[in-house]
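Welcome, and please open your viewer. This tour goes from stop to stop, telling you what to select next and what you will find there.

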Amino acid sequence: MSDSNDPRRYVVIGGGLAGLASAVWLAEAGKQVTLLERRGRLGGRAHAMKAEAAEDLPDNGQHVIASGYHHLFRYLTSVGTRRFVAFPDGGTLRWPDGRSATMRTTGLGAWRTLAGPHPDATALDRVRTALATARLGWQCLRQPADLADLTTAQWFDRVGMPATAREAVWDWLALGIAAEPVHQESAKVFADVLATGIRLGIKDRKGVNIGYPTTDLDSLYVTGALEVFARHGVEVRHRAVARRVHIADGKVTGVALADGSVVPADAVICAVPNANIGGLLDELPEHPEIYAAADKLGYTPIVSTNLYLDGPLGTESEFEALIGGTGVIDEVFDRQLMTGRSTERAWLYCLTTSGAYEQIHKSHEEIVAEQLAMLRRYYPAAATLNVVQAQVVRMPKATFSQVLGTHGLRPAQRTSVPTLALAGDWTATDWSATMESAVQSAARAVDLLLALPSES
Ligand SMILES: Cc1cc2nc3c(=O)[nH]c(=O)nc-3n(C[C@H](O)[C@H](O)[C@H](O)COP(=O)(O)OP(=O)(O)OC[C@H]3O[C@@H](n4cnc5c(N)ncnc54)[C@H](O)[C@@H]3O)c2cc1C
């Protein structure tokens, strides 16, 4: 039901998480909403994909969820799927020689993990790790002025983080958080996200934990949103490619589409990634700065492989990090443990390689062979296992990049035109390129539009 006191037509461009959350919250506020999505499906970079031979519905890439994702949980509550997120006790770190260590993010176990869980760490290493971790935490909250000039690797060296702790926890965590290898990642970006985590931990009185969806991403994010849209009369237009937001006299008037038509609009949230922003904002006075920032932020690649095997690997946890796998961080997700899926046809393991600058250029066959060979180095049971089906998802523009020099580039949600707001993971938020960033940006964009005086 739309709000009869507000005749404005609200248009959201982009049906990823930022656009979905924007449309859901505007609809909940009683606004008249149209959602434009250029593809034939919603969900953007977080979506499910059919695996025909295995009759299964895995994701385009395994997504993990931090307990500090407050805006994401608000969205899940709005669409009724909060129950599909689980938080395990911890994960496993695994070395090629068969050794493993438990990684915990809460309670006493978290302190043990922070003190260095490497099997080769000496007592001195552990003391040095504890001190370096304390220094790192302090410098997140009271940041040295030159942090934006350092890579994360240089920052680790400066606080004296021992090699064993870097190998077991910190390099892995930094790449997981900001999707770039530590020798090129901006220390400032990593520190800002850690600071967000520390502040949330203090506010919530518990450490930030890592969880995961217990269902596919479409069921988590899209199905419930469609129900909200049906209830509130939101119009969803698929294959609607937005080309330009029209602005006249400082107000939004419509959105021009690639087919030559114009969707009339009185307020717009533009929730497309940095890769797609070019041209859309040409009529916004500050568009040159926004386009320049979008270009400079660039992209980082992720390669995800859904491997269906004819037997179990012998994992200990829902997710395991393979230390030294392909040279960049590799994670193995056991979808049996995570979702309780049936193994009647096959066992599904989702492998994610972040910062996959080399892998992204390899063929499907090369990637599957490389991943299977890697599993065989880490899991003795893999020696006799065969691949039933494999899906490789190469995403060269998986997220915007957070290398040295990118700090401060991300544009705010507010623009100089009050009826036009930006959203998307790449806009300025408390987080790096994450689902929480996408949804937090949506919350801010929606707040801006809901605060408009009635005469705007
Ligand atoms: C493999 C992989 C793994 C990831 N893992 C994690 C993880 O573990 N945890 C985490 O928090 N995050 C993770 N992320 C990041 C997360 O998926 C993204 O940050 C988030 O989904 C971005 O949402 P968004 O709405 O900002 O952008 P998108 O999802 O890209 O949505 C933008 C939408 O706009 C549409 N669009 C673009 N141009 C136009 C146009 N001109 N007209 C109309 N529509 C348009 C697109 O088709 C798309 O649907 C991962 C990403 C990938 C790719």
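Helices and strands here are DSSP runs, numbered from the N terminus: a helix is H or I with at least four residues, a strand is E with at least two. This is a predicted model, in which local features need pLDDT of at least 70 and side-chain atom pairs count only at pLDDT 80 or more, while totals for chains, interfaces and linings use all residues. Residues are numbered from 1 along each chain as its sequence is written, and side-chain values use heavy atoms, with hydrogens and water left out.

**Stop 1: helix 3 and what follows**

Select Gly116, which comes after helix 3 and has a positive phi, near 100°. Now step back to helix 3 itself, residues 107–114, and colour Gly109, Ala110 and Thr113, which are buried. Buried means under 20% relative accessible area, exposed means over 50%, and partly exposed lies in between (1.4 Å probe, protein chains only). Those three residues cover an arc of only 105° around the axis, so they sit on the same side of helix 3. The arc is taken from the directions from the helix axis to the C-beta atoms.

**Stop 2: two positive phi values**

Most residues other than glycine have a negative phi. Go to Ala179, in the loop between helix 6 and helix 7 (187–204). Its phi is near 60°, a positive value in a residue other than glycine. Is Ala179 buried or exposed? Ala179 counts as buried, because its relative accessibility is 10%.

Next, pick Arg205 in the loop between helix 7 and strand 7. Arg205 is not a glycine, and its phi is positive too, near 55°. With a relative accessible area of 77%, Arg205 is exposed.

**Stop 3: helix 11**

Select residues 364–378 to show helix 11, which has 15 residues. From first C-alpha to last it reaches 21 Å, close to the 21 Å expected at 1.5 Å a residue; the expected span is 1.5 Å times one less than the number of residues. Which residues of helix 11 are buried? They are Ile367, Val368, Gln371, Leu372, Met374, Leu375 and Tyr378. Seen down the axis of helix 11, these buried residues fall within an arc of 160°, so they line one face of the helix. An α-helix has 3.6 residues a turn, so residues three or four places apart point the same way. The buried residues of helix 11 pack against several strands, among them strand 14 (319–322), strand 15 (330–334) and strand 16 (347–354).

**Stop 4: strand 15**

Stay with strand 15, where 5 of its 5 residues are buried. Asp330, Val332 and Asp334 lie on one side, with Glu331 and Phe333 on the other. Two strands count as paired if DSSP finds at least two bridges between them. Strand 15 pairs with strand 14 in the antiparallel sense over 4 bridges, and Glu320 stands opposite Val332. Strand 15 also pairs with strand 16, again antiparallel, over 5 bridges. There, Glu331 stands opposite Thr352.

**Stop 5**

Now show the open sheet of 5 strands in the order 8-2-1-12-18, with parallel pairing. Strand 8 (235–237) and strand 18 (420–422) are at the edges with a single partner strand each, so one side of each has no neighbour in the sheet. From one strand to the next, the twist averages 15°. To look at one pairing, select strand 12 (residues 267–270), which is joined to strand 18 by 3 bridges. Ile269 stands opposite Ala421 there.

**Stop 6: two packed helices**

Finish with helix 1 (residues 17–28) and helix 12 (residues 435–450), which pack at an angle of about 35° with their axes 8 Å apart. Axes are lines fitted to C-alpha atoms, for helices over the stretch in contact, and angles run from 0 to 180 degrees between N-to-C directions. Residues making the contact include Leu17, Ala21 and Trp25 of helix 1 and Met435, Ala442 and Val446 of helix 12.

Definitions and conventions:
Contact = heavy atoms within 4.5 Å.
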